[in-house]
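Subject: A structure for you to explore

Hello! I am passing on a structure for you to look at, and my notes on its charged residues follow below. Please open it alongside this email and find each residue as you read.

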Amino acid sequence: SARLSLTPYRYSGVGLALCQRLLEEDGRIHLCIACRNEQKSEATRDLILATHPAAQVSTVEVDLGNLASILRAARELRCRFQRLDFVYLNAGIMPNPHVNFKALWHGLLTGKLLHMLTTAEGIMTQTDRLNGDGLQEVFATNLFGHFMLVRQLQSLLCSNEKPSRLIWTSSSNARESAFSLSDYQHAKGQESYSSSKYATDLTSVVLNRKFNGQGLYSSVVCPGLVMSNMTYRILPIFLWKLLMPIMWLIRFFAKTYTLTPYNGAEAHVWLFKQKPEYLDSLVKYHSCTSGLGKCYVEPRKMDVDEDTAEKFYQKLLELEEQTLEKYHDLLD
């Protein structure tokens, strides 16, 4: 039977490339695209059908930064489907990014430039804000919205005949130093993106501990540096055009400079073909591209403390309980 993959993502970039690559792997799969905007999700569906006219592609409207939207979408999905085989948790935002050029110069002088360019450590900051639900926007969209969606879809993911998979898009920018249990929404810092991605890693680790016995497995991937709408907002377009030849050269030294969405989806697609029982839940799977353009996947141990992960998970459950009290009218 056809396997069902739910893919929440932004309109372009890795999400679209992932959909196309999944259909190249298995044309029988039923893709359900989750987008914030109905027009854009239909446009994406048309793009996919243009190259895969026989594909089964449906859409659902959901804004991962809006809790009411998540609950409505989950209710609709529970009505439409009996199970989900894969959920790709790929939506993400990085509002008002700023590059610290002074830190870049310091990195050059101290020999840490390549590390900084591949992880954005110390050179990328964001200005976050509260969303309509009173949550920090980056935390809500990049982590908590996905968590709520998974929790609401639990009946479609657990206790099926075959394992179900969660595949989270994390980042090499996920760092413990940017995350704090006492400020897990990162209201007080300027590295909300890094914090949200580290929170993603923590969440995946605990979900495996809680739900592997019910047939649900969670993995995290890093797509590398991909030129997408999010990346283009960091610097003016003309600067990116000037930098592109240098970035192609950097790829010979920095394998995570995948650059294209197709390359960035390598780890997502690789995991689609693996048996989850044999994967290490403490590993992040990185999409990599050699200097000559060959794509491959590199597993790397995550720097996560399992005790911190458990405590953070309990905080997510508490926040979920508060949320559901507010939106009880949207529950079955």
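Let's begin in helix 13, where D307 and K311 are 4 residues apart, so about one helical turn separates them. Their side chains meet in a salt bridge, with 3.3 Å from N to O. Before going on, please keep in mind that this is a predicted model.

How open to the surroundings are these two partners? D307 counts as partly exposed because its relative accessibility is 46%, between the limits of 20% and 50% that set this class. K311 is partly exposed too, with a relative accessible area of 45%.

Why do such pairs turn up at all? Side chains of opposite charge can pair when their charged atoms come close.

Another one to find joins R209 and E310, whose side chains meet at 2.9 Å, N to O.

Now compare the two ends of the salt bridge between D26 and R28, where the closest N and O atoms are 3.2 Å apart. Which end is buried, and which is exposed? D26 is buried, because its relative accessible area is 8%, under the 20% limit. R28 is exposed, because its relative accessible area is 53%, over the 50% limit.

Which residues gather in a patch of negative charge on the surface? They are E38, E42, D46 and E61. Helix 2 (residues 38-51) gives the most to this patch, with 3 residues. E42 has its place in helix 2, and its 31% relative accessibility means that E42 counts as partly exposed.

Enjoy exploring, and write back with any questions!

Best wishes

Notes
Residues are numbered from 1 along each chain as its sequence is written. This is a predicted model: local features need pLDDT of at least 70, side-chain atom pairs count only at pLDDT 80 or more; totals for chains, interfaces and linings use all residues. Side-chain values use heavy atoms; hydrogens and water are left out. Patches are made of residues with over 30% relative accessible area and no salt bridge: like charges are joined within 9 Å, nonpolar side chains (Val, Leu, Ile, Met, Phe, Trp, Tyr) within 5 Å. Accessible areas come from the Shrake-Rupley method with a 1.4 Å probe; for residues, only the protein chains shown count as cover. A salt bridge is a side-chain nitrogen of Lys or Arg within 4 Å of a carboxyl oxygen of Asp or Glu. Lys and Arg count as positive and Asp and Glu as negative; His and the chain ends are not counted. The place of a charge is taken as NZ of Lys, CZ of Arg, CG of Asp or CD of Glu. Helices (H or I, at least four residues) and strands (E, at least two) are DSSP runs, numbered from the N terminus. Buried means under 20% relative accessible area, exposed over 50%, partly exposed in between (1.4 Å probe, protein chains only).
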